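Q: Some words used for a protein model rest on cut-offs. Please go through a few of them for the structure shown here.

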Amino acid sequence: AIEDKTGLIWIGTEDHGVDVYDRLLNKFRNYSANSNSTYSPRDNHILTIFEDRSGIIWMGTSNGLEKISKKNNRDANLIFRHYSTENGLPNNNIQSIIQDDKGFIWIGTNNGLSKMDPLKESFENFNIHDGLQSNGFYVNSVCKRKSTGELLFGGNKGFNIFHPDSIKKDYTPPKVAITDLRLMGMQVNIGERINDEIILSRSITETKQIELKSSNNIISFDFSALSFAAPEKNTYAIIMEGLENKWTNIGNRHYANYLNIPPGEYIFKVKAANQNGIWNNVPASLKIIIYPSFWQTIWFKLLTVLLVAALFYTGYRFKLRNYEKRRAELEKLINEIGDLNNKLIEENKVRRQAETEARIAMEKAEKSEKIKSEFLAQMSHEIRSPISTVFNFTGLIKEDIDLEHHPDDKDYFSAIEQAGERIVRTIDLILNLSELQSGSYECHYINLDVDKDILAKIYTDFAFKAKRKNLELIFSKSPQELRILADEYSVTQIFVNLIDNAIKYTNKGSIIISSGVNEKENVTVKVSDTGIGISEKFIEHIFSPFSQEEQGYSRKYEGNGLGLALVKKYCEMNNAEISVESVKGMGSTFTVVFKTTNK
């Protein structure tokens, strides 16, 4: 503890920082450690406290030096400035503090003495190599002789007494010399043959250049500064020009190792500083030339590049010949498919002409709805025969072609299959619509579980179809049985059409099928998608036959406008209501509610 010039008493503790007692106020203030505040010390273990001539308090802790200042004599907000080894101290354990006659602060630590310039905030350190009794000093074992200005520090092995003015800096920069050379860990002697070559013909200190093979690419140097006042405190810096672009300070280590140096020309340089940090800016240097092996030469690399290029060219020509062969085979296949397609077109023309004639005949026969439906049904049956023929011949062609070695052909067959499926789908819709309009469809009402008997059976087929478009088809089942009295085929067609449309008009995202019971205990099924959606003005026409939002041959999506018309009629047959909610560009949700439930 100390009493400063203003009468404040400073008391250092072992665990709770520093206490300051103000006798005028009869009050203690405690300052405990807080690493994030400039108004607290960094450590609670206080070892020594000292006040300098200007009234600044210096405090030594087990974690560095604290400089304490205040705005006025009674200001409770003390300002702490922390110093540590990061600022230049030799050790963070501060044992003793004193000020010499010239204002420099002397600090005893567990690793020598340190002289601090409080104005520059710089440190000059001393250890046993400078004549200290040891590097360790005792707490508060320090004093100054007022008559002479000498300082006395007590330590582990006695004490040191000295006058600060007697410590002079050595400003003479030391010369430095390369004293030894090692290759691959082995010392190189003068005149010694290494791999039938003499590396050193004279002393390494007199050698300006060495030439090596690429196999000798692990190089070590020893060097020494010719300053003997305190040789243990000499420090060094090195650089290998051509390999490094800046100097590396290596402290008092007087050797350097370089591993796996690539072929090329380099200059190794080393410079030194004495115990006072005075550097010699005229480094010792050695030029090193490492010759490449034959496989590292430019001509060998060029030859390798030419060889690789030749191999690539040969491979390219081989691949090109195979490509021409596959293209010829593909052209032949395309011609065959084209002939089949032309035949189909001609047959479709005949069918369209027949349909036109039938339509005229039906108009002349007072536009009888029943006659038209029967005619459409008959013609639809007739169209199935040539479609089946196309599918059969396409299947035979597909079996004769090795699609594994002709992956591009898969797209052509996929196009044929999709076109055929589209025609068959259209035929099925026409047949179903004609049956309903002619009154020939017979309903068979049975007790059904919507999830188990309907949705679960069609989910697998549509999951595969959705996956082909990179869509996710989600089936959210009801936790309870959903029993209805309905016609199984027509209910199945309701959800086949809704799910098929959801996949058709959705390009990304997902389709969700969810089932459950509403507040009136009616079975409810929803089919939601993230597709193109339906405009508000078209929703009122959506269940009309042959109705589509986009018309003409330029429309983006296939279809004939029959699916939702059939869905509407099937819902009416099964005592169900269907509704739709949609936002253009964001998706649609179709909801089917079966009014009568049977549990």
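A: Ala, Val, Leu, Ile, Met, Phe, Trp, Tyr, Cys and Pro count as nonpolar, Asp, Glu, Lys and Arg count as charged, and the others, Gly among them, count as polar. By that division, the lining of the second largest pocket has 10 nonpolar, 15 polar and seven charged residues. The model is predicted, so local features need pLDDT of at least 70 and side-chain atom pairs count only at pLDDT 80 or more, while totals for chains, interfaces and linings use all residues. Residues are numbered from 1 along each chain as its sequence is written, and side-chain values use heavy atoms, with hydrogens and water left out.

Q: What makes a residue part of the lining of a pocket?
A: On a 1 Å grid over the protein atoms alone, a pocket is an open set of points where a 1.4 Å probe fits, with protein on both sides within 12 Å along at least five of seven lines, and a lining residue has an atom within 4 Å of a point. The second largest pocket has a volume of about 690 Å³, and of the 32 residues that line it, the closest to its centre are Asn125, Phe126, Asp130, Lys233 and Gln275. Strand 12 gives the most to this lining, with four residues.

Q: Why is one side of strand 9 and of strand 12 left without a neighbour in the sheet?
A: Two strands pair if DSSP finds at least two bridges between them, and a strand is a DSSP run (E, at least two residues) numbered from the N terminus. The open sheet has the order 9-10-11-12 with antiparallel pairing; strand 9 (94–99) and strand 12 (122–126) stand at its edges with a single partner strand each, so one side of each has no neighbour in the sheet.

Q: How do you know that strand 11 and strand 12 pair?
A: Five bridges join strand 11 (residues 112–117) to strand 12, and the two run antiparallel. In this pairing, Met116 stands opposite Phe123 of strand 12.

Q: Why is helix 4 called roughly parallel to helix 5?
A: Angles under 35 degrees count as roughly parallel. Helix 4 (residues 450–468) and helix 5 (residues 488–504) pack at an angle of about 25°, with their axes 10 Å apart, and therefore helix 4 is roughly parallel to helix 5.

Note on methods. Points joined across faces, edges and corners; volume = space filled by probe spheres on them. Axes fitted to C-alpha atoms, helices over the stretch in contact; angles between N-to-C directions. Parallel < 35°, antiparallel > 145°, perpendicular 65-115°, else oblique.
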